[in-house]
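Thanks for coming. Please have the sequence and the structure open while I talk.

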Amino acid sequence: MRPENQSSVSQFLLRGLPIPPDHQGAFFTLFLGMYLTTVLGNLLIILLIRLDARLHTPMYFFLSHLAFSDISISSVTVLKMLINMRAQQQSIPYVGCISQLYFFIVFGCLDNFLLAVMAYDRYVAICHPLHYTAIMREGLCMLLVAGSWIVTYVHGLLHTLLLVQLSFCDNTINHFFCDLTVLLRLSCSDVSLNELVICTEGGILFLLPLGIVLGSYIRIGTIILRIPSTKRLLKAFSTCGSHLSVVSLYYGTLASVYFFSSAWDSKDIIASVMYTVVTPMLNPFIYSLRNRDIKQALEMLVNRAAFIK
C-alpha cells in the first residue's frame with residue numbers, strides 16, 4: 001500500500017529570474033537574442049565542420065558534439081523561461097519538470113565529458129605528435145563520444161528515477177528551471193539516498209573528467225617548459241588556447257553555482273544564467289575568434305555564398 005501522507009504534485013511553479021515586472025519585456029528581448037545567438041552560432045560551427053574537409057579531424061569531431069550539447073542545454077532551460085516570461089505564467093507540469101531535469105543533467109554532464117576528451121586529444125597532439133594519427137584513430141574517437149553519451153544518459157536516468165520516488169510538500173521552485181538540488185529542497189521525503197548518490201556517483205563523474213583535463217594540461221605544460229621555445233609556446237597556445245578558455249568558463253561558472261553557494265538566492269540564479277545561457281553563447285565566438293581553421297572555413301563559406309549569389 002502507498003503511504004497516506006504521500007503528497008501528489010501535478011505541477012510546479014517556476015519563480016524565474018528576479019526581474020521587476022516592468023523590465024520583463026526588455027529582459028525577454030535580451031534572453032531571446034542570446035538564445036538565438038547560441039543556436040545559430042553553434043549550428044554554424046557544426047555546419048562548418050561538416051562542409052570543410054580540413055576540419056574532419058578528431059578535435060573538430062569532438063567540437064561538433066560539444067556545439068550540439070550547448071544548443072541542447074540552452075534549449076532545455078532557456079526556452080521554457082522565455083515562454084513563461086512571454087505568457088506571464090510560471091507553471092510547468094510535473095512530467096515536464098522531470099523531463100527538463102533529466103535532459104539538463106544529461107547535457108550538463110556530456111559537456112563535462114566532451115571537454116575531458118578534447119583535453120586528452122590536445123595532450124596527444126602536443127606530447128605525442130608523431131603518433132597522433134595512430135592513437136586518435138576514427139574508431140577510438142567514435143568510442144570516446146559514444147561512451148560519453150551512454151554514461152551521461154545512464155547518469156541522468158539514475159538521478160531522475162531516484163527523484164520520482166520522492167513526495168513534495170511545496171511546488172514553488174525558486175529558479176527559472178527544474179534543478180536537482182532545488183527540487184530536493186522541496187521534498188518532504190528522506191533524501192539521504194539521493195544526496196549519497198550525488199556525492200558518490202555524481203562526484204566521480206565530475207572529478208574523473210576534471211582530473212583528465214587537469215592531468216592533460218599539466219603534462220602539456222611540463223613538456224613545453226622542458227624545452228622552452230617561442231615556436232613551441234605559440235604552437236601550444238594556438239592548439240589549446242580556445243579549449244582552455246572554454247574549460248575555464250565552464251568549470252568557473254559551474255563551481256560558482258554548485259560549490260560556492262550555501263542557499264539558492266538571486267546571486268546563485270544569476271550564476272546559473274552564466275552557466276546555461278552565457279557559456280553556450282560564448283563558445284562559438286571563442287572557437288571562431290581564436291581558431292585559424294574555423295576562420296578560414298568561415299571565409300570559404302562566405303565566399304561560396306557570395307559566388308552563388
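Predicted model: local features only at pLDDT ≥ 70, side-chain atom pairs only at ≥ 80, totals over all residues.

Residues are numbered from 1 along each chain as its sequence is written, and side-chain values use heavy atoms, with hydrogens and water left out.

Let me start with helix H2, residues 58-87. Helices here are DSSP runs of H or I with at least four residues, numbered from the N terminus. The expected span of a helix is 1.5 Å times one less than its number of residues. After H2 comes glutamine 88, with a positive phi near 60°.

Is H2 enclosed or open? Of its 30 residues, 22 are buried, so H2 is largely enclosed by the rest of the structure. Buried means under 20% relative accessible area, exposed means over 50%, and partly exposed is in between, with a 1.4 Å probe and protein chains only.

Now helix H1, residues 24-51, which holds isoleucine 45. Isoleucine 45 is buried, at 4% relative accessible area. Which residues does isoleucine 45 touch, leaving out those up to four places away in sequence? They are Leu63, Ala67, Pro284 and Ile294, where contact means heavy atoms within 4.5 Å. Alanine 67 is 22 residues from isoleucine 45 in sequence, but their C-alpha atoms are 7.0 Å apart.

H1 also has a part in the surface. Leu44, Leu47, Leu51, Leu298 and Val302 make a nonpolar surface patch of about 370 Å². H1 gives the largest share, three residues, and H1 and helix H10 (292-308) each supply at least two. Leucine 51, in H1, is partly exposed at 43% relative accessibility.

Last, the salt bridges. The rule asks for a side-chain nitrogen of Lys or Arg within 4 Å of a carboxyl oxygen of Asp or Glu, and the count comes to two. One joins aspartate 52 and arginine 54, at 2.9 Å from N to O. Aspartate 52 is buried at 9%, whereas arginine 54 is partly exposed at 43%. Another joins arginine 122 and aspartate 121, at 2.5 Å, and both of these are buried.

Note on methods: Patch = residues over 30% accessible without salt bridge, like charges linked within 9 Å, V, L, I, M, F, W, Y side chains within 5 Å. Areas by Shrake-Rupley, 256 points an atom, 1.4 Å probe, with all protein chains shown as cover.
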